[in-house]
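Subject: Structure for you to look at

Hello,

Here is the structure I promised you. Please open it and keep it beside this email while you read.

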Amino acid sequence: MKDTLAILEPQESAEVVGFTPSYAEQVRLVELGLVPGSIVKMIQSAPLGDPIEIEIMDTKLCIRKSDAESIEVKRSP
Amino acid sequence: MKKIALIGNPNTGKTSLFNVLCRSRQRVGNYPGVTVEKKQGRCNLPGDNFVEIVDLPGIYSLKPLSLDEQLTLDVLEGKLSGEDKPDALIVVIDSTRLQRNLFLFSQLAEMEMPTIVALTMADTLDSEGVSIDLKLLEEKLTVPVIPIHGPNEKQINELKEKLVSLMNQPQIPSIKVGFSEKLEAKSQQLIKESPEQNMSMFRAREILMSGLPGAKLSSKANELIKSWSSEAKDASEVPIVRHKWAQSVSQKVEKRNNQKKTLTSKIDSILTHPVAGLSAFFVTMGLLFQSIYTGAAPVMDALDIAFGATGDFARTALTGLPLMQSLVADGIIGGVGSVLIFLPQVVILFFIISLLEDSGYLARASFLMDRLLGWTGMSGRSFIPMISSFACAIPAILSTRVIPDARTRMITILVTPLISCSARLPVYILMIGTFIEPIYGAFWAGISLFAFHSLGILLTLPMAWLLNRGRIAANKTPFLLELPPYRLPLWRNVFWRTYEAAKKFTLKAGTIIFALSIIIWALSTFPLQENDPETGNRSAATIEESYLGQMGKGIQPIFAPLGFDWKISIGIVSAFPAREVIISTLGILYQAEDADEESQLLRQRMQSSKTADGSPTFTPAVAISLMIFFALCSQCMSTLAIVQKELNHVKWAVFLFAYMTGLAYVVSLVFYQTLGQTFS
């Protein structure tokens, strides 16, 4: 099981490594900076856990949990 | 005269720049055949020159995934019929978000147009802990870069001067982003093989890598694409390469002090916090709501008096011409006045919303509300229009323009009229005060008022969900919302936006209402009858004989199962153009002069009114049934007019009218025939 953006804890950062199932669906996220190698930080989640607020390339974004699940990350140990 | 396009990411201060460059010489309209708003203005340049500036929608990427992006790309390539290709570009870049903004710049460079960069937010660089080497940036971007510190006159003039020299000596960017040789070669080939004139490298690359939709290509070109796709390629190569380039430029050009935890982050740790954030949110919404009601009231009363006085003046001026007198005083001034009375609410609403939006808070509110609304097919961004609808659906519908997804926006527009607007309030107060309070007491009266307001909003969610299942399917693009840094709103922007909204409201709704008021007046006046010899006013009998009255009586059998008699039916029919009219109609029918919801005479008359067989026409059940019908029915011509305009087709206005009226009928019917019987 790969780690995804959806499971990060508040204030935790991780490195983006890839996409599942494929890039095509997440084009916009990639263009906003979620490219492999970039550092994404999960800031906090909305009430009820969805959507979540993330920081990528000095920009704060909200994305839905379901979209966050398609972004693979590598957590720091 | 030349045309320059203003383009950049959202939240970069692009609109402020546009406002400053074009001052008051702006026009807002629509692109031909598209529901995207077009903003254009004239900018005066030194040396008695001027240039047209068009403010393109804020976009993150030229890749056409949404309507805004498709339109922008078409405009830049000169492919939108009826719209000239711009002669030059001003690319607006947020100096505090250099790396991300450069992504779009790298795409725009491939449009091969004369370009200038306006580097905005330069005054916030210090507080964000960033410093930029301007000269180096200019070198790297190969075009002039002008820093903009807020609304600074000197720098704006510098920008204008550079624009003049740009017109004389156009500088086209010549950056090298670093795509693979193979990709570049194939793209060049594709351009050669395409019958399309002036295909840009950007478009060629997009076609090869992601099959740009709607491209008309020759068979040779199609072969080329097929041969390319058979080679293993990773479609994400293009954005990754762009980001690499953007990163290399920004790393060389800026110095960041990442230790500074910005003010924005500190504020957000409260405002987007699940508990504290929600509480703050409800308080804010409560204040918004409250100020619309109470703030507008004194101005509305003043307008009411003013219109009344105008009406009286007209009456005196036209004595001796009773028909003309009635047309002007009752029809026109009465009709149009009843709509213009809402102008203060529109103004206050837009003023506050502009403040919330410019400060950056609106994005946080949408973030908090998204879960609640997402399951229906709407998004967090739909919440603000819904809240606004408590005041009036018209500015609420206008404010749905912040929703970028066309389908979500449409669903939001089609359900917000269900929410109890302030025009329904007089009816609630009249009915509750006359038939609920005397029997059940003040407590239940209060509960009823709350219940009717809730009825609408509770129905919007399942209704939106339903519309989603049916003909209107939800869009699949991810919900993405940027939370911009908190900023002090720029007053110029706020005032301009409020003014635009007020103007739109007055003109658009006013013209339709004007026409309709005349029609309704005519229907209620003809065929001409003798006025009541005692009071000289039109009596209930004359209204009954008029066309409108006959319509009401004819329709009555339809409304009988809902518990309404012929007078109520006439009232409902007369209220279709504008809800409040029912009060005046009932007033005339029950012979109370100048009826408004506080009128005691009207209440008494309604309470004692009896049908042919002696039973009261108004029971609590009838009153509740009427209020339910009123809560849900589409009785506002102005709303229908705005819906038709915003969704670009009369069929949506018809649909809105049909489903709301149908829903009102059914719910009212079900109530009256079941629960209602227990009240009688």
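Are Glu110(B) and Arg242(B) buried or exposed? Keep that in mind while you find them. One caution before the answer: this is a predicted model.

Both residues, Glu110(B) and Arg242(B), are buried. They also form a salt bridge, with the closest N and O atoms 3.0 Å apart. Glu110(B) sits in the loop between α3 and β6 of chain B, and Arg242(B) sits in helix α10 of chain B. The two are 132 residues apart, and the pair links distant parts of the chain. Salt bridges that share partners join Glu110(B), Glu184(B), Arg205(B) and Arg242(B).

Other salt bridges

Over all chains, the structure holds 13 salt bridges.

Start with Asp74(B) and Arg203(B). Their closest N and O atoms are 3.9 Å apart, and they form a salt bridge. Asp74(B) lies in helix α2 (residues 67-76) of chain B, while Arg203(B) lies in helix α8 (residues 201-210) of chain B, so the pair ties together parts that are 129 residues apart in sequence. Asp74(B) and Arg203(B) are both buried.

Next, look at Arg100(B) and Glu482(B). Their side chains meet in a salt bridge at 3.2 Å, N to O. Arg100(B) is in helix α3 of chain B and Glu482(B) is in strand β10 of chain B. They are 382 residues apart, and the pair links distant parts of the chain. Why does Arg100(B) count as buried? Its relative accessible area is 4%, and buried means under 20%. Glu482(B) counts as buried too, at 7% relative accessibility.

Where the chains meet

Now turn to the contact between the chains. Chain B brings 37 residues to it, and chain A brings 29 residues. The area buried between chain B and chain A is about 3100 Å². Carbon and sulfur atoms give 63% of that area. Which residues of chain B lose the most area to chain A? They are Phe367(B), Arg371(B) and Leu480(B), together 21% of what that side buries.

The polar side of the contact is worth a look. Between chain B and chain A there are eight residue pairs in polar contact, both residues at pLDDT 80 or more. Several elements of chain B each supply at least two residues to the side that touches chain A, including α3 (98-109), α10 (237-253), α12 (274-317) and β10 (480-483). Helix α15(B) gives the most, with five residues. By kind, the residues on this side of chain B divide into 16 nonpolar, 12 polar and nine charged.

How many salt bridges cross this interface? The rule finds one. The side chains of Arg64(A) and Asp370(B) meet in a salt bridge at 2.8 Å, N to O.

Strand β4 (residues 59-63) of chain A pairs with β10(B) in the antiparallel sense, over four bridges. Lys60(A) has Leu483(B) as its bridge partner in β10(B).

Strands within chain A

Strand β1 (residues 12-19) of chain A pairs with two strands in the lines below.

- With β2 (residues 39-45) of chain A, β1(A) pairs in the antiparallel sense over four bridges. Glu12(A) has Met42(A) as its bridge partner in β2(A).
- With β5 (residues 71-75) of chain A, β1(A) is joined by five bridges and the two run antiparallel. Phe19(A) has Ile71(A) as its bridge partner in β5(A).

Two buried spots in chain B

First, helix α1 (residues 14-22) of chain B. Eight of its nine residues are buried, so the helix is largely enclosed by the rest of the structure. Among the buried ones are Leu17(B), Phe18(B), Val20(B) and Leu21(B). Lys14(B) is buried as well. Arg23(B) follows α1(B), and its phi is positive, near 45 degrees.

Second, Thr115(B), which is found in strand β6 of chain B. At 2% relative accessibility, Thr115(B) counts as buried. Its side chain reaches the backbone oxygen of Met113(B) at 2.7 Å. Leaving aside neighbours within four places in sequence, Thr115(B) is in contact with several residues, among them Leu89(B), Phe105(B), Val143(B) and Leu166(B).

Best wishes

Notes: Residues numbered from 1 in each chain as written. Chains lettered and ligands numbered in written order. Predicted model: local features only at pLDDT ≥ 70, side-chain atom pairs only at ≥ 80, totals over all residues. Heavy atoms only, no water. Contact = heavy atoms within 4.5 Å. Buried area = accessible area lost by both parts, 1.4 Å probe. Salt bridge = Lys/Arg side-chain N within 4 Å of Asp/Glu carboxyl O. Polar contact = N/O pair within 3.5 Å; in protein donor to acceptor, adjacent residues only side chain to side chain. Nonpolar A, V, L, I, M, F, W, Y, C, P; charged D, E, K, R; others polar. Pairing = 2+ DSSP bridges. Buried < 20%, exposed > 50% of the residue type's maximum accessible area, 1.4 Å probe, protein only.
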